[in-house]
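This report describes selected features of one protein model, shown below. It takes up a sheet with a helix across it, then a pocket, and then aromatic pairs.

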Amino acid sequence: MERRTFLAALLALASTRVYASPGNKPSYKLLTYPGTGKADVSAADFIAGVKPLRDEMERLLGVRPSVTLIRTLNVFNAGAVAEGPDLVYGPATSAALYIEAGYVPLVRVAKLAKGMVVSKLPLQSVNTVSMPDPGSWLAQVGEYSVEVSAGRNLKYTYARTQDAAVDAVRYGLADAVTVRPAAFQKLQAEDPAYRVIVKLPETPDFTLLAHPQRVDEEAREQLVNVLGKLSVDTLAALDRVYHVKVEHFTPVTASDYNVLRRIAAFNRRNNTA
């Protein structure tokens, strides 16, 4: 009980809430993290970005969710073991943790998560890898992939954003960096000597999950249907405040996250060995 109280306090301290207006029907509580590239989004911009989604859910489902914005991954992930929210939306690595806690994945963004380890050096010469937040997809999948490929332990440095992680390589503070494709293309444009030394496995990306009891099967089916038909304007508004673009939402099942769950288990064993 003390642990749950502590985690609840963390969530309260690290969040910005967007409440439903008084008089509305009871609504879902949605916990969300916008991604490392948008962790500093202003509260005003975020509220404007999620308002069209809340409007569509109210119009099509009769409920208007209250939204809690979390700005750090460790606090966002803590919701999986605290008195969790009804709905949660964030990175696929976090989705794997919520699935372990019993949550049901409903939909993910259209494109799969892709990434690579980039360096001017060959893999056998790399000793230090720069990554974003240690709980991020790039860090979790990157650490697993580079160690399996290299066959040895490496050292890691972490930054708040992907751009800051890239700067560590630019300034010689790390030998390699894990990045998304767009960041790799930018690096190569600056210096063609940068190349992919490890390709990360493609997995689901940002995912929305539901609490297994508080959101029953019928409600989950309705949510999947509504989220799969959001308007272009609503999707564009979300894209302004989330690091990963939606394009459209597509249904998923828990088995789609098996690779991520194995990677998470590997990393836990590796980091406690």
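## Helix and sheet

In this predicted model, helix α6, which spans residues 162–170, lies across strands β7 (128–131) and β9, and its direction makes an angle of about 160° with that of β9. An open sheet of five strands is arranged in the order β8-β7-β9-β6-β10, and its pairing is mixed. The edges are formed by β8 (155–158) and β10 (195–199), each of which pairs on one side only. On average, neighbouring strands of this sheet are turned by 30° against each other, with direction ignored.

Within the sheet, strand β6 (residues 116–119) and strand β9 (residues 176–179) run antiparallel and are joined by four bridges.

## The largest pocket

The largest pocket holds about 600 Å³ of space, and 23 residues line it, of which R180, P181, A182, H243 and V244 are the closest to its centre. Helix α6, already described as lying across β7 and β9, contributes to this lining, for α6 and α7 (181–190) each supply at least two of its residues. By residue class, the lining of the largest pocket comprises ten nonpolar, three polar and ten charged residues.

## Aromatic pairs

The count of aromatic pairs comes to nine. For Y89 and Y242, the ring centres are 5.1 Å apart and the planes stand at 70°, so this pair is classed as edge-to-face, given that planes over 60 degrees apart fall into that class. Because Y89 belongs to strand β4 (residues 87–90) while Y242 sits in the loop between α9 (232–241) and β12 (249–251), the pair ties together parts that are 153 residues apart in sequence.

Terms used: Residues are numbered from 1 along each chain as its sequence is written. This is a predicted model: local features need pLDDT of at least 70, side-chain atom pairs count only at pLDDT 80 or more; totals for chains, interfaces and linings use all residues. Side-chain values use heavy atoms; hydrogens and water are left out. Two strands pair if DSSP finds at least two bridges between them. Axes are lines fitted to C-alpha atoms, for helices over the stretch in contact, and angles run from 0 to 180 degrees between N-to-C directions. Contact means heavy atoms within 4.5 Å. On a 1 Å grid over the protein atoms alone, a cavity is a set of points where a 1.4 Å probe fits but cannot get out, and a pocket is an open set with protein on both sides within 12 Å along at least five of seven lines; lining residues have an atom within 4 Å of a point. Grid points are joined across faces, edges and corners, and a volume is the space filled by probe spheres set on the points. Ala, Val, Leu, Ile, Met, Phe, Trp, Tyr, Cys and Pro count as nonpolar, Asp, Glu, Lys and Arg as charged, and the others, Gly among them, as polar. Rings of Phe, Tyr and Trp (its six-membered ring) pair if their centres lie within 6.5 Å; planes under 30 degrees apart count as stacked, over 60 as edge-to-face and the rest as tilted.
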